[in-house]
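Good morning, and thank you for making time for this presentation. I would ask you to keep the sequence and the model in view while I speak.

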Amino acid sequence: MLSGTAALPSELWAEIAALGWTGVAVPEQYGGSDIGFEALCLLCEEVGRTLAPIPFLSSSMAMQAILMAGAPDEQDRWLATLADGSSIGTLAIFERSGDPAPDAISARVIDSRLDGVKIAVPDGTAADLAIVAAKQADDEIGLFVVALDHPSVSRRSMANIDGMRPQAELRFSATPCARLTGGVDGWNGVEALLAKAAVLTAFEQIGGAQACLDMACDYAVKRMAFGRAIGSFQAIKHKLARLFIAIELARSNASYGAWAATQSDRGQLLEAAACARISASEAFEQSATENIQTHGGIGYTWESDCHLFHRRAKLLAVNLGSTGYWSRVLADLVIPASDREANHGF
Amino acid sequence: MDFEDTATEAAFRAEVRHFLEANATRRQAGQAESEQLDVQASRAWQARKAQAGLAGILIPTEFGGRGGLPIEQVIYDQEEAQFRTPPGRLFMITFGMCIPTMIEFARPEDGKRHARAAIQGDEVWCQLFSEPAGGSDLAALRTRAERQGDEWIVNGQKIWTSYAHHSDYGLLLARTDFDAPKHGGLTAFFVDMKSPGIEVRPIKQIDGSSHFNEVFLTDVVIPDTQRLGAVGDGWKVALFTLMNERVAVGRVDGPDFAMLVAGLRDVERDGRPALAHPTVRDWLARSYVLSAGQQHTMSRVVTALSKGRQPGPEASVLKLVGARQLIDTAATMLDFMGPAGAISDVDERSDGYFQDLFLRATGERIAGGTEEIMLNVLAERVLKLPGDMRADKGIPFRTIGTQAAAGGRP
């Protein structure tokens with residue numbers, strides 16, 4: 001499975017879908033249970049805790065995009081099958097190295113036909129549709145929904161540090177697409193979508209971080225050295241207590257993000273998402289690294305599960321833009337505009 | 001998690017805000033507050049709150065308090081923080097630790113008398129716990145209380161006693177049995193700070209101010225009626241007091257985000273305004289994330305209180321995070337100022353706030369439980385990790401080693 005080319009574990013996916021997980025934040029008219037965004041967040045946390053190799057986050061992000069910005073006919077076309085798990089969706093935003101930026105988007109849509117190449121598309125080989133960021137004839141950026149079964153789409157599975165979350169390159173060549181017209185236009189719309197994705201991802205990160213801390217604590221209680229459990233040494237217990245602190249701060253920020261995602265204030269959502277993302281990325285990366293360290297040599301082996309979390313932690317910390325990117329987003333929001341103007345000219 | 005008040009909470013918040021609007025002025029964002037403690041003003045402010053029924057919110061009505069809910073105390077604190085009022089810290093130990101302990105362990109008539117007096121601002125209390133031999137290791141204390149009939153004679157020394165020099169009464173923890181194991185030989189009392197034999201010497205602190213003291217006790221006489229709990233049960237009383245301390249000292253006061261921005265407004269870095277510099281902006285954003293994390297953690301605590309539940313272990317992270325952040329904030333702000341960072345009076349607009357904070361902040365990781373002890377508590381109580389090996393358990397107190405091995409470092 002770590003090779004990154006394994007097929008979707010369809011039994012697990014079918015079971016998750018049958019339990020209603022995929023439709024939890026989708027209105028009842030499309031077959032969802034409409035329990036809400038916060039319930040979706042908790043499910044993401046569970047997926048993160050168990051490292052479930054399913055496209056839950058990817059498909060959820062696509063559903064959020066269609067719910068946020070899809071015209072009624074696009075919602076009619078896609079939401080029912082996404083909600084019952086028979087279709088899988090994903091986001092295709094990025095094209096090259098470097099953090100998210102409008103200038104980094106070259107994909108172009110002319111007359112409802114898409115040309116371009118997207119990389120690091122999560123679950124891109126299994127997905128049935130992608131939400132693609134692309135420029136139009138007037139250079140304005142928009143979000144487009146693209147059916148990936150069209151013969152003009154070619155896909156390549158990309159080698160990836162976390163093979164359990166496959167990444168793909170998607171090539172579009174005059175591929176039919178439909179613009180999501182109901183949301184915010186331009187790069188602001190992409191940012192709003194990334195913000196919702198960041199909140200969902202934060203919960204997956206917190207689930208993963210908590211799993212690492214639980215593993216490390218279990219091991220620290222069982223593992224003896226110098227005649228005592230290693231968890232009795234302050235070098236270990238203080239390290240683990242600090243992880244607990246990082247996780248709880250991230251949980252608090254993410255909870256606020258989940259609430260802000262259901263409000264209508266875009267600035268508030270962006271600010272909350274940036275806080276959630278930065279603290280959750282750091283909490284998961286620290287937890288994954290220190291989990292290996294607490295396990296010592298065994299944590300460095302293939303047979304231990306420690307490395308699976310280490311891989312996932314880094315993938316999730318970069319896949320929506322680095323913490324540095326989100327720090328810049330946040331600084332632009334919270335440092336007063338009168339001071340931001342001093343930024344001009346640099 | 002809830003980010004909005006219930007109807008009852010909103011009504012209480014309105015009552016508090018009405019009182020504050022009528023009796024105090026609003027704080028300006030980005031403006032530093034004076035750290036000076038005016039004892040008379042603090043006592044007068046306490047009395048004014050009492051008149052409005054907003055003092056002793058958590059104290060039961062039969063003890064003269066409001067008999068309110070923890071959520072109401074939180075709401076009051078949130079609102080008062082937005083106004084310029086005499087610092088509440090003079091009474092922090094009184095209400096955070098001493099009065100709850102009196103209500104729990106003193107004779108009911110004493111509990112009532114002192115709770116009422118404190119609520120009115122007539123009594124300030126201190127906590128005579130720490131000693132030169134026992135800070136983090138509180139149960140190592142050596143102050144001796146010997147029974148003589150209906151009285152106890154106390155000899156010893158306390159240290160780090162906040163506001164002892166302004167206090168009317170103190171909670172005292174003393175050793176009544178040197179042959180019992182460490183935690184089993186302690187007994188708790190309350191004592192009139194004007195008793196003969198009590199001498200209070202202020203300690204000059206790192207920033208030149210004096211909030212805490214050494215307290216010397218020489219043949220101090222305490223009636224047995226002022227004993228709290230059974231003889232030998234002092235540790236149980238102390239744990240009750242300290243449990244309240246966690247709540248009382250849990251929050252760390254520091255500069256808000258607007259003050260950081262204001263402090264950097266006139267600073268240049270690499271030939272451009274510091275607020276336009278990527279390094280500074282990244283640090284500010286990360287500071288914002290940390291503050292937001294604490295604020296929303298507080299919301300989780302408040303939500304639990306609002307629903308009548310005990311807050312979970314997340315409450316214990318606030319002091320640890322806040323103290324570290326305070327030190328980092330002061331040190332980094334001085335760094336950003338460059339050579340002027342070490343100067344408190346660069347020009348007439350300087351208030352030296354961050355220079356003072358740089359000194360003051362170092363105490364936050366020590367006071368109210370050191371960072372190291374709090375990490376131990378977190379690891380052992382929440383993460384269920386085993387305790388450290390100890391050399392002081394199950395043996396008579398007088399046989400516990402007090403000197404490091406001879407020879408010392410080579």
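Which residues form one aromatic cluster with Trp125(B)? The cluster is made up of Trp125(B), Tyr169(B) and Phe190(B). Before I go further, please bear in mind that this is a predicted model.

Over all chains, a search of the whole structure gives 16 aromatic pairs. In one of these, Trp125(B) and Tyr169(B), the ring centres are 5.3 Å apart and the planes meet at 25°, so the pair is stacked. A stacked pair requires planes under 30 degrees apart. Trp125(B) belongs to strand β3 (residues 125–128) of chain B and Tyr169(B) to strand β6 of chain B, so the pair ties together parts that lie 44 residues apart in sequence. Trp125(B) and Tyr169(B) are both buried. A further aromatic pair, Tyr353(B) with Phe354(B), is edge-to-face, with 5.0 Å from centre to centre and 90° between the planes. Tyr353(B) and Phe354(B) are buried as well.

In chain A, Arg228(A) lies over the face of Phe233(A), 4.1 Å from the ring centre. In chain B, the charged end of Arg144(B) is placed over the ring of Phe178(B), at 4.2 Å from its centre.

Where in chain B is His165(B) found? His165(B) is in the loop between β5 (151–162) and β6 (169–175) of chain B. Its relative accessibility is 31%, and His165(B) therefore counts as partly exposed, since that class lies between the 20% limit for buried and the 50% limit for exposed. Asn213(B), by contrast, has a relative accessible area of 0% and is buried. This asparagine, Asn213(B), lies in strand β9 (residues 212–223) of chain B.

What joins the side chains of Asn213(B) and His165(B)? They are joined by a polar contact of 3.1 Å. Each of the two residues also has a backbone oxygen within reach. The side chain of His165(B) reaches the backbone oxygen of Ser210(B) at 3.3 Å, while a polar atom of the Asn213(B) side chain lies 2.9 Å from the backbone oxygen of Thr161(B). Leaving out residues up to four places away in sequence, His165(B) touches Val200(B), Ser210(B), His211(B) and Asn213(B). With neighbours within four places set aside in the same way, the contacts of Asn213(B) include Trp160(B), Tyr163(B), Val200(B) and Pro202(B). For a sense of distance, the C-alpha atoms of His165(B) and Gln31(B) are separated by 30 Å, and these residues are 134 places apart along the chain.

Next, the strands of chain A. Strand β4 (residues 129–136) of chain A is mostly covered, with 8 of its 8 residues buried. Which strand pairs with β4(A) in the antiparallel sense over 7 bridges? That partner is strand β5 (residues 141–147) of chain A. Within this pairing, Val132(A) stands opposite Phe144(A). β4(A) and β5(A) form a hairpin with 4 residues between them, and in the turn Asp139(A) has a positive phi of about 70°.

Two other strands run parallel to β4(A). Strand β1 (residues 89–92) of chain A is joined to β4(A) by 4 bridges, with Thr90(A) opposite Ala130(A). Strand β2 (residues 108–110) of chain A pairs with β4(A) over 2 bridges, and here Val109(A) has Gln136(A) as its bridge partner.

Strand β7 (residues 167–176) of chain A also has antiparallel partners. It is joined to strand β3 (residues 113–122) of chain A by 7 bridges, and to strand β6 (residues 153–158) of chain A by 6 bridges. Arg171(A) in β7(A) stands opposite Val117(A) and also opposite Ser154(A).

Finally, the nonpolar cores. The largest has 151 residues, and those with the most contacts inside it include Phe56(A), Leu114(A), Trp326(A) and Leu284(B). Helix α5 (residues 186–222) of chain A gives the most to this core, with 20 residues. Apart from this core lies another, of 30 residues, among them Ile119(B), Leu138(B), Ala188(B) and Leu242(B). Leu114(A) itself touches residues including Val132(A), Val146(A), Phe172(A) and Cys177(A), not counting those up to four places away in sequence.

Thank you for your attention.

Notes:
Residues are numbered from 1 along each chain as its sequence is written. Chains are lettered from A and ligands numbered from 1 in the order in which they are written. This is a predicted model: local features need pLDDT of at least 70, side-chain atom pairs count only at pLDDT 80 or more; totals for chains, interfaces and linings use all residues. Side-chain values use heavy atoms; hydrogens and water are left out. Buried means under 20% relative accessible area, exposed over 50%, partly exposed in between (1.4 Å probe, protein chains only). Contact means heavy atoms within 4.5 Å. A polar contact is a pair of N or O atoms within 3.5 Å; within protein, one must be able to donate a hydrogen and the other to accept it, and residues adjacent in sequence count only if both atoms are side-chain atoms. Rings of Phe, Tyr and Trp (its six-membered ring) pair if their centres lie within 6.5 Å; planes under 30 degrees apart count as stacked, over 60 as edge-to-face and the rest as tilted. A charge sits over a ring if NZ of Lys or CZ of Arg is within 6 Å of the ring centre and within 35 degrees of the ring normal. A nonpolar core is a set of buried Ala, Val, Leu, Ile, Met, Phe, Trp, Tyr and Cys residues joined through side-chain atoms within 4.5 Å. Two strands pair if DSSP finds at least two bridges between them.
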